[in-house]
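Please read this briefing beside the sequence and the model.

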Amino acid sequence: MTTYLIIHNIGEIDDSLKKAFGKNEENFTTYKTILSIHLDKFKKIVDQLIGKDVVLTFDDAYEGQYEAILYALEKKVRCIAFIATDYVGSNGCKDVPIKQMTWDQIKTIHWKGCKIGSHTQSHPQLIDFTNKQERLITELGYSKEILQGTINDKVTMLAYPYSLVNDAVIQRAVGAGYTMGFTALNEEISDVQSSDVFMIPRFLLTEKTDLSKLGKLRKLKLKTYDDNDYWSKDNASHGMNEKFKVDHLIRGTHITLYNEIRKLKPERILEAGCGTGKNLKSMWILFPDKVLGGFDINPFIIDKAKNNLVASPVALFVSDAKKIKLGDNQVDVVFTNNLLQHISPKNIGKAISELIRVSSKYIIHSESCYFRNLTDAPELDRTYHPSPSFAHDYEKLYKGKGTFKWLIDNRDTQHKYLESVFLVELKGDKIEKN
Ligand SMILES: [Zn+2]
């Protein structure tokens with residue numbers, strides 16, 4: 001089980017800040033002595049936590065957290081930042097006038113792998129709203145929507161301001177779509193756990209935290225990802241049970257994918273990793289006179305594809321992309337749609353060699369995730385990205401195999417998981433070169 005730690009302000013609190021606190025000297029003392037930690041000390045703590053089953057959680061989005069979070073992520077220590085959306089980019093609130101991170105900084109830490117959670121909109125005591133459901137809806141629901149819209153990702157974790165929570169708040173949190181709720185414990189760091197996912201305890205990290213205690217925390221056991229094992233199981237069919245309809249024709253990357261295939265005038269078209277057959281159904285409508293085929297590693301999904309394409313002449317079969325059950329040069333074009341990004345770096349070379357082997361002329365890919373691997377923190381990543389994804393250097397992988405051309409190039413689109421489309425025209429002597 002994971003131990004969650006909580007951090008507030010990071011950095012110096014100097015006298016200029018004392019002025020900002022004004023007459024509120026008690027608050028200033030609290031922040032200086034209990035809720036602040038120097039960056040140097042924080043870094044020492046992070047170094048103690050490498051390889052531990054620990055998640056650092058940051059409340060209130062103080063600007064000093066930005067550098068600290070980047071440091072922790074670089075050391076592969078998992079982080080969650082809980083944001084009160086009203087205060088982003090501001091100089092803080094009346095009680096705690098400390099500068100907050102900007103939306104750009106929040107997008108950057110998210111992109112580097114920090115999970116983003118809600119700390120409500122205006123940081124109120126949520127239990128005050130037990131009889132004001134509309135305030136609860138706003139604080140929990142709108143903050144979630146604002147965060148999701150900004151980072152283009154799901155937000156399912158909530159940290160209760162002041163750790164004040166009751167059943168009414170939890171009920172609303174569930175209704176708003178949260179799956180985890182975090183409190184804080186003012187206790188020594190230990191391995192206290194809670195079986196209630198809406199009452200997850202966190203231990204305060206402060207200037208006084210005893211570094212020697214941290215070494216005793218549990219070791220992080222990373223789940224190893226095996227492409228075949230993961231995708232051949234029935235549970236890998238997430239998203240595959242949705243109502244089957246041919247809606248692909250209206251989406252940007254698919255228009256490019258299909259138009260390009262049309263231009264290539266192939267007789268035989270193969271989809272590698274065809275899932276439930278959505279693309280192939282579109283292809284069948286667009287190219288009724290072509291020979292169409294598709295395979296997937298998952299037998300359950302191929303059964304679904306067969307159902308979905310029951311009256312069609314599309315040939316469907318179970319096969320591993322790293323060992324395709326077809327002879328050399330059997331098709332004119334092979335295409336993929338979000339297949340390669342789920343193949344681990346260990347296996348990607350093998351898969352591409354196989355695609356090259358079975359295609360006589362062309363390969364087209366529509367794939368995303370070009371900047372970072374989403375598997376560094378598998379447990380947390382799975383909350384957001386049910387399927388592990390990898391960044392591959394496709395140009396390098398195809399080097400010497402043919403002419404490489406970007407049709408849609410979204411590699412520079414940071415903070416978003418947009419697909420790119422690229423075409424490879426294979427060289428005549430490609431088999432020998434393998
Ligand atoms: Zn707070």
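What follows is an overview, and then notes grouped by topic.

This is a predicted model, in which local features need pLDDT of at least 70 and side-chain atom pairs count only at pLDDT 80 or more, while totals for chains, interfaces and linings use all residues. Residues are numbered from 1 along each chain as its sequence is written. The protein holds 16 helices and 16 strands, taken as DSSP runs numbered from the N terminus (helices are H or I, at least four residues; strands are E, at least two).

**Confidence**
- The mean pLDDT of the protein is 85, and 87% of the residues score at least 70, where pLDDT is the predictor's confidence in each residue, from 0 to 100.
- Confidence is highest in strand β10 (residues 268-272), at a mean of 98, and lowest in helix α14 (residues 378-384), at 40.
- Over residues 375-385 pLDDT stays under 50, and for this stretch the model has 17 contacts beyond four places in sequence.

**Burial and cores**
- Of the 434 residues, 39% are buried, meaning that 20 or more other C-beta atoms lie within 10 Å of the residue's own; exposed means 12 or fewer, partly exposed is in between, and C-beta atoms are placed from the backbone.
- The largest nonpolar core has 60 residues, of which L56, I69, C79 and A81 touch the most other members; such a core is a set of buried Ala, Val, Leu, Ile, Met, Phe, Trp, Tyr and Cys residues joined through C-beta atoms within 7 Å.
- Strand β5 (residues 78-83) gives this core its largest share, five residues.
- Another core, of 42 residues, lies apart from it, with L257, M283, L340 and V421 among its members.
- Beyond its neighbours within four places in sequence, C79 is in contact with residues including V55, L56, I69 and C114, a contact being two C-beta atoms, placed from the backbone, within 7 Å.

**Helix α4**
- In helix α4 (residues 65-74), the buried residues are Q65, Y66, A68, I69 and A72.
- These buried residues line one face of α4, because they fall within an arc of 165° when seen down its axis, the arc being that of the directions from the helix axis to the C-beta atoms.
- They pack against β2 (9-10), α3 (39-49), β4 (54-59), β5 and α5 (103-111).

**Around T2**
- T2, in the segment before β1 (3-7), counts as partly exposed because it has 16 C-beta neighbours inside 10 Å.
- The C-alpha atoms of T2 and L220 are separated by 8.2 Å, although the two residues are 218 residues apart along the chain.
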